[in-house]
Amino acid sequence: MRKDQEGSRGMRERGQVWVAAGVTLVGVPAGLALTGGNVDSAITGALAVFLAGVVLAVRRWPVSALLVSVWAVLAFRAADLVGAGWVWPATAAFVGVMVHGRQRWAIAVGALALWWGFVWDYFVQMNTFEFAVGRVGAEALWLAAALAVTHAYLSTRRWQEEVAARLRQSLTEQELDARRRRAEERVDVARDLHDVVSHTLAVVGVHLNVALDAFDDEPEEARDAVRLAQDVRGRAMTDLKALVDVLRRDPGRSEPAYGLESLEGLTGQVSAAGVRVRLVEVGERADVPAPVATAVHRVVQESLTNTVRHAGAREATVTLHYAPESVTVEIVDDGGGGLTESEGHGIMGMRERVAALGGTLVAGDGPDGGFRVRASIPVTV
């Protein structure tokens, strides 16, 4: 599971790097044109291609990529190839360094670049103090905003991952608690089984002795004794069958005592992680059998956990439709796709749980993007 999660995180980071490179490739020429820095397509294109290429190396060498990006911008400015921008053309490199936990490097390099820009504008270009401070101050505000937004994003992701970890820990604790209760139940059933067998054999033995003593002199009384023994045997066989069925259950598949009444608390936990969850119920909840209700709860719990941890979603909707023949639960988020079947055991486990009750489960892309999990479980299990 850990390898699956790391693989999913790596794919997401690679996608983000390519997006950052594309934004740099388009944004640098557009920014220089808007600020009057340069409109020569050859020069602006060369700078944009170089910076976009350096951004692709941010995942492996974040600090080096930042230093090379800033050096390129300063070099173009010093050579008078472009007339605007000290740090903003390298915004993607600054953000990449922040994402990789090098906040101090981002702040230090940004401060040095801005100081150099002020010195260049004021002392080398001999511009007025107000002009130099104004140009450097505007870029300082831009860089501060970019770093602040990145820091807020990283804090939100860490918070969501912690909530997802707590949800998974809660799921594990529920499993362990269910197994403990099942073990205690099996001990109680074994004790009941011993009592039923002992009592049945004793009663049947008494009636058979009565039948044996009365067989010659009072045949009618003997027949009555045998009938009573048969009745006792029949009731004992029914009790024994029920007890043996309980003992044959796989304790590893025991279900925790969580059902539909716990869905509000579950969705509240996920909402606290920053993913707004809407719960919609259609039909009568009271008609759902306990095993089906537990399976529905577990499908919702696993799906929302995956949404918080992997999908990067902002909203999710949980819809339950209670029908006379079945219960249908659907979880849809607006994230980037969540887990696929090849990326973890969560969906496989949900499908096995639903199939054990005679139902079906499908998972994949939602109708309007995002990820969707839909399960239908018959109520006659």
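**Two helices side by side**

Modeller: Start with helix 3 (residues 62-78) and helix 5 (residues 103-124), whose axes come within 11 Å and cross at roughly 10 degrees. This is a predicted model.

Colleague: Are helix 3 and helix 5 roughly parallel or roughly antiparallel to each other?

Modeller: Helix 3 and helix 5 are roughly parallel, because angles under 35 degrees count as such.

Colleague: Which residues make that contact?

Modeller: From helix 3 they are V63, L66, L67, V70, L74, R77 and A78. Helix 5 brings W105, A106, V109, A113, W116, W120 and D121.

Colleague: And how does the contact of helix 3 with helix 5 split by class?

Modeller: Twelve of the residues are nonpolar, two are charged and none is polar.

Colleague: Let me step back. How many helices and strands does the chain have?

Modeller: There are ten helices and five strands. The chain has 381 residues, and 40% of them are buried.

Colleague: What share of the contacts links residues 24 or more positions apart?

Modeller: Such pairs make up 70% of the chain's contacts with a separation of 6 or more.

Colleague: Now helix 4. Is helix 4 mostly covered or mostly open?

Modeller: Helix 4 is mostly covered, with seven of its nine residues buried. The buried ones are T91, A92, A93, F94, G96, V97 and M98. Just after helix 4 comes G101, which takes a positive phi of about 80 degrees.

Colleague: Where is D80, and is D80 buried or exposed?

Modeller: D80 sits in the loop between helix 3 and helix 4. Its relative accessibility is 62%, so D80 counts as exposed.

Colleague: How does the lining of the largest pocket divide by class?

Modeller: It has 20 nonpolar, nine polar and seven charged residues. One of the residues closest to the pocket's centre is G96, and G96 is also among the buried residues of helix 4.

Colleague: Which residues lie nearest the centre of the largest cavity?

Modeller: S303, T307, D333, F371 and V373 do, out of eleven lining residues. The elements that give two or more residues to this lining are helix 9 (290-311), strand 3 (326-333), helix 10 (346-356) and strand 5 (371-378). By class, the lining has five nonpolar, four polar and two charged residues.

Colleague: Stay in helix 9 for a moment. Is L304 buried or exposed?

Modeller: L304, which is in helix 9, is buried, with a relative accessible area of 0%.

Colleague: What does L304 touch?

Modeller: Leaving aside neighbours within four places in sequence, L304 is in contact with T267, V270, V277, A316, V318 and I331. L304 and T267 are 37 residues apart in sequence, and their C-alpha atoms are 8.1 Å apart in space.

Colleague: Last one: T44. Where is T44, and what does T44 touch?

Modeller: T44 is in helix 2 (residues 41-55). Not counting residues up to four places away in sequence, T44 touches P29, L32 and N38. T44 counts as buried, because its relative accessible area is 5% and buried means under 20%.

Technical notes:
Residues are numbered from 1 along each chain as its sequence is written. This is a predicted model: local features need pLDDT of at least 70, side-chain atom pairs count only at pLDDT 80 or more; totals for chains, interfaces and linings use all residues. Side-chain values use heavy atoms; hydrogens and water are left out. On a 1 Å grid over the protein atoms alone, a cavity is a set of points where a 1.4 Å probe fits but cannot get out, and a pocket is an open set with protein on both sides within 12 Å along at least five of seven lines; lining residues have an atom within 4 Å of a point. Helices (H or I, at least four residues) and strands (E, at least two) are DSSP runs, numbered from the N terminus. Ala, Val, Leu, Ile, Met, Phe, Trp, Tyr, Cys and Pro count as nonpolar, Asp, Glu, Lys and Arg as charged, and the others, Gly among them, as polar. Buried means under 20% relative accessible area, exposed over 50%, partly exposed in between (1.4 Å probe, protein chains only). Contact means heavy atoms within 4.5 Å. Axes are lines fitted to C-alpha atoms, for helices over the stretch in contact, and angles run from 0 to 180 degrees between N-to-C directions. Angles under 35 degrees count as roughly parallel, over 145 as roughly antiparallel, 65 to 115 as roughly perpendicular and the rest as oblique.
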